[in-house]
Amino acid sequence: MNTPREEPGRGLWALWFVFASLVALVAVPAYLGQRAAQVQTRISDVLEEAGRLSSSISLLKARQMIRVEGYLLTGDRTFREPYIASKAAEDSVVDTLSVLARGLDLEVRERLAELQTESTSWHFENYRVFDLDTVPAGQLESTLRIYNQLQQGTRELDNAIQSEIEEGRREVTRARRLEQRITFVLALLALGSTLLVGRVGVR
């Protein structure tokens with residue numbers, strides 16, 4: 001007496017299972033794929049750009065040191081204007097990097113803040129030296145020592161950014177592998193539920 005009632009219910013349940021499996025087969029991989037794409041976009045638009053800017057700071061520091069060294073060795077004040085231009089270019093790079101760094105790890109922000117503080121003191125001292133009529137003994141060695149410390153700071157900043165880039169790439173790889181595994185499992189579930197519907201239909 002109960003058989004006619006059970007069969008329609010069982011068939012409806014199987015159909016719903018097929019429907020849910022197909023929806024999951026479409027939605028879940030799409031979500032994971034979108035997540036991987038978002039991380040990849042962040043790597044390309046933010047992290048790699050931050051790395052490029054960090055490298056630019058190092059290059060500008062080298063140019064600034066050449067100008068200061070030129071003045072300290074020759075006393076030629078024409079080195080001052082190229083130094084000022086390079087300092088302005090550095091300020092622009094740092095401003096852009098500071099905006100990008102808001103969305104980066106704390107270590108990157110800390111390294112950038114330390115570099116900015118140390119750079120400000122170094123530039124202030126260099127401007128003072130350019131205005132001197134007589135260069136103090138040992139000034140070049142002192143300037144070069146601080147310059148090397150700044151370049152070490154830029155390398156640490158770049159390493160922090162590169163570490164975040166590598167972590168982002170690992171996250172993309174994990175998301176894509178998870179997408180593949182879940183897609184495979186959901187495909188099996190969809191196939192199994194389809195066979196179950198067919199079996200119920202035969203009955």
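The structure is a predicted model, in which local features need pLDDT of at least 70, side-chain atom pairs count only at pLDDT 80 or more, and totals for chains, interfaces and linings use all residues. Residues are numbered from 1 along each chain as its sequence is written, and side-chain values use heavy atoms, with hydrogens and water left out.

## Overall architecture

The protein chain has four helices and zero strands. Helices (H or I, at least four residues) and strands (E, at least two) are DSSP runs, numbered from the N terminus. Along the sequence, the pattern of the protein chain reads α-α-α-α.

A residue is called buried under 20% relative accessible area, exposed over 50%, and partly exposed in between (1.4 Å probe, protein chains only). Of the 203 residues of the protein chain, 31% count as buried. Contact means heavy atoms within 4.5 Å. Among contacts in the protein chain between residues at least 6 apart in sequence, 86% join residues at least 24 apart.

The table sets out the two helices; the expected span of a helix is 1.5 Å times one less than its number of residues.

| Helix | Length | Span, first to last C-alpha | Expected span |
|---|---|---|---|
| α2 | 22 residues | 31 Å | 32 Å |
| α3 | 25 residues | 36 Å | 36 Å |

In α2, the buried residues are Y83, S86, K87, E90, V93, V94, L97, L100 and A101. They lie on the same side of α2, because they cover an arc of only 135 degrees around the axis. The arc is that of the directions from the helix axis to the C-beta atoms. On the other side of α2, E81 and D95 are exposed. An α-helix has 3.6 residues a turn, so residues three or four places apart point the same way.

The buried residues of α3 include V108, L112, W122 and H123. Another residue of helix α3 is N126, which counts as buried because its relative accessibility is 1%. Leaving aside neighbours within four places in sequence, N126 is in contact with V68, Y83 and T143.

## The nonpolar core

A nonpolar core is a set of buried Ala, Val, Leu, Ile, Met, Phe, Trp, Tyr and Cys residues joined through side-chain atoms within 4.5 Å. The largest such core has 31 residues, and L97 and L157 are those with the most contacts inside it. Helices α1 (3-74), α2, α3 and α4 each supply at least two residues of this core. The largest share, eleven residues, comes from α1. In soluble globular proteins, nonpolar side chains tend to be buried together.

Not counting residues up to four places away in sequence, L157 touches S54, L97, V108, R111, L112 and L115.

## Aromatic pairs

Rings of Phe, Tyr and Trp (its six-membered ring) pair if their centres lie within 6.5 Å; planes under 30 degrees apart count as stacked, over 60 as edge-to-face and the rest as tilted. The structure holds four aromatic pairs. One of them is the edge-to-face pair of Y83 and Y127, with 5.6 Å centre to centre and 85 degrees between the planes. Y83 lies in helix α2 and Y127 in helix α3 (residues 106-130), so the pair ties together parts that are 44 residues apart in sequence. Y83 is buried, with a relative accessible area of 0%, whereas Y127 counts as partly exposed at 25% relative accessibility. Y71, Y83, Y127 and F130 form one aromatic cluster.

## Selected residues of helix α4

Residue E164 lies in helix α4 and counts as buried because its relative accessibility is 6%. Not counting residues up to four places away in sequence, E164 touches R42, L47, G103, L104, D105 and V108.

R170 is found in helix α4 (residues 139-202) and, at 42% relative accessibility, counts as partly exposed. From C-alpha to C-alpha, R170 and V39 are 10.0 Å apart in space, while 131 residues separate them in sequence. Q162 also belongs to helix α4 and is partly exposed, at 32% relative accessibility. Q162 and E48 are 114 residues apart in sequence and 8.2 Å apart in space, C-alpha to C-alpha.
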